[in-house]
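Me: Could you help me learn to read a helix and the core it packs into?

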Amino acid sequence: MTLLQSAAVANIKSQIKRNRQNAGRQLRNKAIRSSLKTSAKRVQAAEGDDLTQEVRRATRELDRAASKGAIHKRAAARRKSRLTRAAAATD
């Protein structure tokens, strides 16, 4: 939804800029969260040595997403824990 299509359009310069920034951040966060889901699916599909590499890669992506603010740091820790436990169960 663009600025012109929204119901209430801000008439304050700083708020117009803030709306633009928020829209960009929303798109970036959505892409990051989508890639996190993909990496989790890769972990579930992997086997053997590929499994440990995929867990490592997913952990790195989760940490990066948490540091960028796309997800909460505790949510990242919870997801990492679940991925690691699932990987250990399949070994």
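Reply: Happy to! This is a predicted model, in which local features need pLDDT of at least 70, side-chain atom pairs count only at pLDDT 80 or more, and totals for chains, interfaces and linings use all residues. Residues are numbered from 1 along each chain as its sequence is written, and side-chain values use heavy atoms, leaving out hydrogens and water.

Me: Which residues of H2 are buried?

Reply: Helices are DSSP runs (H or I, at least four residues), numbered from the N terminus. Buried means under 20% relative accessible area and exposed over 50%, with a 1.4 Å probe and protein chains only. In H2, the buried residues are Leu51, Glu54, Val55, Ala58, Leu62, Ala65 and Ala66. Seen down the axis of H2, they fall within an arc of 105 degrees (taken from the directions from the helix axis to the C-beta atoms), so they line one face of the helix. The face turned away carries the exposed residues Asp49, Arg56, Ser67 and Lys68.

Me: Which residues touch the most other members of the largest nonpolar core?

Reply: In soluble globular proteins, nonpolar side chains tend to be buried together. A nonpolar core is a set of buried Ala, Val, Leu, Ile, Met, Phe, Trp, Tyr and Cys residues joined through side-chain atoms within 4.5 Å. Here the largest one has 14 residues, and Val43, Leu51, Leu62 and Ile71 touch the most other members. H2 gives the most to this core, with six residues.

Me: What does Ser39 touch?

Reply: Contact means heavy atoms within 4.5 Å. Ser39, in helix H1, counts as buried because its relative accessibility is 4%. Not counting residues up to four places away in sequence, Ser39 touches Ala58 and Glu61.

Terms used. Helix = DSSP H or I, 4+ residues; strand = E, 2+ residues; numbered from the N terminus.
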